[in-house]
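Reader: Could you help me work through this structure? I am new to this and would like to go slowly.

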Amino acid sequence: MSFSDSETSSHGTEYKNFKHVSRDRLLHEMLGSSGSGDSRSSWKVLIMDKVTVKVMSSTCKMADITDQGVSLVEDLFRRRQPLPTMDAIYFIQPSKENVVMFLSDMSGREPLYRKAYVYFSSPIPKDLVARIKNDTSVIPRIGALGEMNLEYFPIDSQGFVTDHERALEELFGESAQNSRRTDACLNVMATRIATVFASLKEFPFVRYRGPKGRDGSTTNFRELVPEKLATAIWNNITMYRSSIPNFPQKETCELLILDRSVDQIAPVIHEWTYDAMCHDLLDMDGNKYVHEVPSKSGSPPEKKEVLLEDQDPVWLELRHTHIADASERLHDRFTNFVSKNKAAQMEQRDGGELSTRDLQKMVQALPQYNEQKERLSIHVEIAGELNKVIREMGLRELGQLEQDLVFGDAGTKEIIHFLRTKQDTAGENKLRLMMIYASVYPEKFEGDKAAKLMQLAKLSPEDMKAVKNMRMLEGSEKRKASSGSFSLKFDSQKKGKAARQDRTGEEETWQLFRFYPVIEELVEKMCKGDLPKDDYQCMNSPQPATREVNGSSVRNAPPKTAESTNPRSVRSRRTPNWARSRTSDDGYSSDSNLRSFSTDFKNMGQRIFVFIIGGATRSELRVCHKLTSKLRREVVLGTTSLDDPPQYITKLKLLSEKELSVDSLRI
């Protein structure tokens, strides 16, 4: 029996991205290594609890698990059929209930399985280890006893959640206070975040957004949340340094801990990328898009589910592009596909005589043609649906006003004009506009002014809660009084009422693509060592110039490149570089830029992790991908939950509720 963690470092010669490392550990380190002798090649049973099932399903496909010899996946707490000739792999949380259930399975004269390979998702307390060792009938039946230290949920190749959907309410709501309940929430969150670093064998500099009341003003519990979480994460990682073999003893990466108050505009502004608009405007269930396909038998159309995920190369290419760019790419791609694809050409012929060469090309292209045609057709349909919604809801004009507000190009006059002339605008969209307006012009929502504005917008008192509750995230009363309530300006040097300034050195972009989340500036400042030390505290003191990783000196930031000094138009169109690619006979494979979409991780600098308490947005996830290429450092986004605007607004409204029903959260 062995009790160990992984000895595979992520700092080897082959650099793997965050999700790739997680997947490899589960498949090869846990499932692939379980068993010995004649049992190694036999089928196995995988037993998990509710949390580890989510971990596994968010990281691996069922086919991946089957390939590792798992023939059956079982729930730890369901009645299970005895399989005394098979080995079992337990991937479970280290709780008393789970250990009792495991011992019940494997003790006595007739255990459920031949041998058990037990892996815990996070560190197991010593008393539970002792409990296992004290059961003399179970010990000979244990093939492995280890800590996987993997209890986070990947949502992307560079993103994960801790599955705390109620974090906003529990840590920032009216019922939130410095209590056992909030401490328990933070401790579980910290444990799961720490397992990210255990899995990747990374030792981070832990930075956090400090309380705003360090100048002597009153600091409330909400302001201390990032510091409390940072302390708990640090305690876990310090333990890993001494308990995990080959864990680095010097810092190898950076972690920045923030809360949702750092940017209250990003969760509600209309984001114009293909990914964000799909989840914002379409009735999707997670990543599932449901569409109708004609029935071959002539009966009513059938509903079919499509997963928009990394395995879809078209989705991978288009997800972070502007909707107009995505629509143009899809149109040109489909036209080019039909014109170049041999099978498509054969299909379009009028029954003329085919040569042997034509037939051969058609046969060779047909399987690929059908798959690619279906995939492109789905995305053409989705883009068409999005553009239809944009037209019907008048989102272009609304989106322009939103961005003008954020960049200081519009104010009260424009808001009043919009509300008076666009009275048929959907209530949710008007509410989102008012939340952006409140972030930039907080003084307009003090006293009776707020009621008059909401009356003009024809919004209900329930909607008003969302705007009022933005104050609950912002912090100390002294700061609110002096800096304009819950104003979310990134720094005090901005001119006028702009909550953002146009980025210099950026390539020309599409209309309505000016907006960027605050974390883009924060990550770049951290990479350059320019984060204000008073505002962003560090648990461990960083060295300014270089850091050592596995004996090699690694620079904090890549060399600065010359930035374009040409004036930047934020309204102009850019020439898509995908249009210059070559095409092939199938009109699809080589005219795609798919190879360039998988980031080359060779010669990458240290990883950067950003964790946002209270939910993150798809625009923030997009920025992490963008900065990975720009900074040559993998930027990983962690958060308590990934929220689309309707979800976030619902949670914000519930902050002022004393009691929160889980059923009331639309998740």
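Author: Let me start with a term we will need: contact means heavy atoms within 4.5 Å. Please also keep in mind that this is a predicted model. With that in hand, helix 8 (residues 225–243) lies across strand 8 (204–209), strand 9 (253–259) and strand 15 (608–613).

Reader: And at what angle does helix 8 run to strand 8?

Author: Helix 8 runs at about 165° to strand 8.

Reader: OK, what is the order of the strands in the open sheet?

Author: The open sheet has seven strands in the order 6-7-16-15-9-8-12, and their pairing is mixed. Its edge strands are strand 6 (153–156) and strand 12 (536–538), each of which pairs on one side only. From one strand to the next, the twist averages 25°.

Reader: How many bridges join strand 6 to strand 7?

Author: Three bridges join them, with strand 7 covering residues 159–161, and the two strands run antiparallel. Within this pairing, proline 154 stands opposite phenylalanine 160 in strand 7. Phe160 also belongs to an aromatic cluster, together with Phe18, Tyr152 and Phe611.

Reader: Since you mention aromatics, how many aromatic pairs are there in the whole structure?

Author: A search of the whole structure finds 13 aromatic pairs. One of them joins tyrosine 437 and tyrosine 441, whose ring centres are 5.3 Å apart and whose planes are at 45°.

Reader: Why is that pair of tyrosine 437 and tyrosine 441 called tilted?

Author: Planes under 30 degrees apart count as stacked and those over 60 as edge-to-face, with the rest called tilted, so the 45° between tyrosine 437 and tyrosine 441 makes the pair tilted. Tyrosine 437 also pairs with phenylalanine 445, and that pair is edge-to-face, with 5.7 Å from centre to centre and 70° between the planes.

Reader: New topic: which charged ends sit over rings?

Author: Among them is the charged end of arginine 500, which sits over the ring of tyrosine 516 at 5.9 Å from its centre. Another is that of arginine 514, found over the ring of phenylalanine 407 at 4.2 Å from its centre.

Reader: Last one, where is valine 268, and what is it in contact with?

Author: Valine 268 is in the loop between strand 9 and helix 9 (274–281), and this valine is buried, with a relative accessible area of 0%. Leaving aside neighbours within four places in sequence, valine 268 is in contact with Arg432, Met435, Ile436, Tyr648 and Ile649. The C-alpha atoms of valine 268 and threonine 617 are separated by 9.1 Å, while the two residues are 349 apart along the chain.

Note on methods: Residues numbered from 1 in each chain as written. Predicted model: local features only at pLDDT ≥ 70, side-chain atom pairs only at ≥ 80, totals over all residues. Heavy atoms only, no water. Pairing = 2+ DSSP bridges. Helix = DSSP H or I, 4+ residues; strand = E, 2+ residues; numbered from the N terminus. Axes fitted to C-alpha atoms, helices over the stretch in contact; angles between N-to-C directions. Phe/Tyr/Trp six-rings, centres within 6.5 Å; stacked < 30°, edge-to-face > 60°. Lys NZ or Arg CZ within 6 Å of the ring centre and 35° of its normal. Buried < 20%, exposed > 50% of the residue type's maximum accessible area, 1.4 Å probe, protein only.
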